[in-house]
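Hi,

Here is the structure I promised to pass on.

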Amino acid sequence: MIGLLLRDLNLAVRAGGGFGLGLAFFLIFASLVPFGVGPETGVLRVIAPGILWLGALFACLLSLDRIFQLDWEDGSLDLLATSPLPLEGVAAIKALAHWITTGLPLVALAPVLGLLLNLPGPAFVWLVGSLAVGTPALSAIGTFGAALTVGIKRGGLLLSLLVLPLYVPTLIFGALTVARGAAGVDAMTPLAMLAGITLATLATLPFAAAAALRVNLR
Amino acid sequence: MVTPETRNQNSTPRVLLQDRPCFPSGPVSASARQMQLVVENLACARGAAQILSGVVFSVAAGDALILRGPNGAGKTTLLRTLAGLTPPLEGHIRTAPEAIAYAGHADGLKASLTVAENLSFWARVFGADDISDAVDAFDLNDFLDRKAGELSAGQKRRLSLARLLVTRRPVWCLDEPTVSLDTANVARFAAAVQAHLAGGGSAVIATHIDLGLPGARTLDITPFVAKRIRADDPFGDEAFR
């Protein structure tokens with residue numbers, strides 16, 4: 001299992017691995033927003049929580065179809081499925097590797113982009129906290145979607161359609177956490193809900209992803 | 001697929017099967033040896049279509065079984081079913097759990113990893129820590145540090161076959177293993193299979209060339225090709241056979 005995680009991280013950072021793609025997208029997306037809605041700080045401070053969460057969500061979405069597709073194309077997925085590793089474990093490790101290469105850098109970059117969008121001071125802690133708690137759910141849900149669509153040529157669009165509705169609860173509670181933090185009211189309740197969603201996806205979706213993989217490998 | 005029933009019979013890995021009466025297509029001497037793979041009345045499907053039915057054979061330790069049949073007969077489907085990737089429609093595959101090492105058409109290599117990294121990854125997955133035997137068997141020493149993406153097709157195939165040695169599993173299920181290998185490397189591969197058989201392993205190999213394995217049996221799967229299931233299949237008519 002550790003070997004698979006290290007291999008996936010290794011592949012992600014090497015040439016053509018796609019590491020940094022989501023990060024660059026997040027950076028460009030958030031820095032383009034002031035050009036689109038105008039530089040009024042009053043407007044930006046209101047929409048910043050939602051914009052930052054949306055940006056993180058789309059950045060995650062970008063790299064989802066790589067989770068299983070590359071392994072499927074070169075035959076590694078067949079070999080992993082016949083290896084001693086349980087397929088549920090493979091799915092969980094894939095989600096973890098996706099989070100480390102996509103979610104974690106987003107968490108680290110978000111405060112910088114918060115500055116660009118004039119996010120109020122007290123909200124920064126909630127921004128980092130909510131992204132750290134919420135992005136694992138994005139990776140877990142995305143891994144499930146990737147497992148459902150593996151083997152479909154250019155399945156990226158279908159994957160987005162499947163996954164985006166499932167991202168809604170995470171987006172609502174994530175953005176709400178930051179917005180309440182920005183308004184200076186207690187944001188613990190939405191953060192706890194967010195944590196609940198993340199834990200539920202982590203507990204169940206690797207099994208669902210493994211079941212979907214088994215069907216798609218037939 | 002290892003059925004639950006089979007798992008119960010062989011709860012520990014590497015437990016070999018009980019001797020059983022041999023089947024019509026099995027070798028006469030097989031009943032005296034340990035069976036590593038017994039296939040009974042197997043029906044295989046690819047997608048929704050049934051491809052093979054009534055497949056019966058057995059492979060004992062030290063045996064090699066060569067699968068023959070025209071393109072599209074179902075050799076790949078049979079091997080994928082044996083490997084557990086596709087559940088059988090009916091029948092049983094009796095084998096010890098985690099006995100089967102599968103190698104398909106695709107090499108399963110990562111282009112941006114070196115030869116040594118690719119091999120070490122699979123060694124780690126299968127709980128082995130030494131790749132030197134596999135490297136020597138397929139003469140990979142000269143390009144251990146090169147990226148797999150820079151190798152020729154034949155070199156990739158050798159690397160992919162070397163993976164079989166690090167799995168340390170007794171039953172090899174190989175689908176066209178000699179594709180893009182030159183004559184010298186086909187001989188090298190045949191030697192690796194022989195060493196595997198001599199070490200108590202066995203192999204089921206779908207191939208169109210003569211590997212020169214002494215004592216290998218050949219199974220033509222053409223008689224097992226299933227009749228078309230769909231009644232409205234326009235090509236299901238006898239005239240098209």
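What percentage of the 241 residues in chain B do buried residues make up? They make up 41%, where buried means that 20 or more other C-beta atoms, placed from the backbone, lie within 10 Å of the residue's own.

Before you go on, a word on the model. It is predicted, so local features need pLDDT of at least 70 and side-chain atom pairs count only at pLDDT 80 or more, while totals for chains, interfaces and linings use all residues. Residues are numbered from 1 along each chain as its sequence is written, and chains are lettered from A and ligands numbered from 1 in the order in which they are written.

Chain B has six helices and eight strands (DSSP runs, H or I of at least four residues for helices and E of at least two for strands, numbered from the N terminus). Their order from the N terminus is α-β-β-β-α-β-β-α-α-α-β-α-β-β. Take a look at helix α2 of chain B, residues 75–82: seven of its eight residues are buried, including B:Lys75 and B:Arg80. After α2(B) comes B:Gly84, with a positive phi near 90°.

Now for where the chains meet. Chain B gives 20 residues to the contact and chain A gives 21 (two residues are in contact if their C-beta atoms, placed from the backbone, lie within 7 Å). On the chain B side, β5 (100–103) and α3 (115–125) are the elements that give two or more residues, and α3(B) has the largest share with three.

In chain A, helix α2 (residues 21–37) packs against helix α6 (residues 87–116) at an angle of about 20°, with the axes 10 Å apart (axes are lines fitted to C-alpha atoms over the stretch in contact, and angles run from 0 to 180 degrees between N-to-C directions). α2(A) and α6(A) are therefore roughly parallel to each other, a label for angles under 35 degrees. Among the residues that meet there are A:Phe26 and A:Leu27 from α2(A) and A:Leu106 and A:Leu109 from α6(A).

Finally, the largest nonpolar core has 132 residues (a set of buried Ala, Val, Leu, Ile, Met, Phe, Trp, Tyr and Cys residues joined through C-beta atoms within 7 Å). A:Leu52, A:Ala56, A:Ala147 and B:Cys173 have the most contacts inside it. Leaving aside neighbours within four places in sequence, A:Ala56 is in contact with A:Phe26, A:Leu106, A:Ala110, A:Leu131 and A:Thr135.

Cheers

Key:
Parallel < 35°, antiparallel > 145°, perpendicular 65-115°, else oblique. Buried ≥ 20, exposed ≤ 12 C-beta atoms within 10 Å, placed from the backbone.
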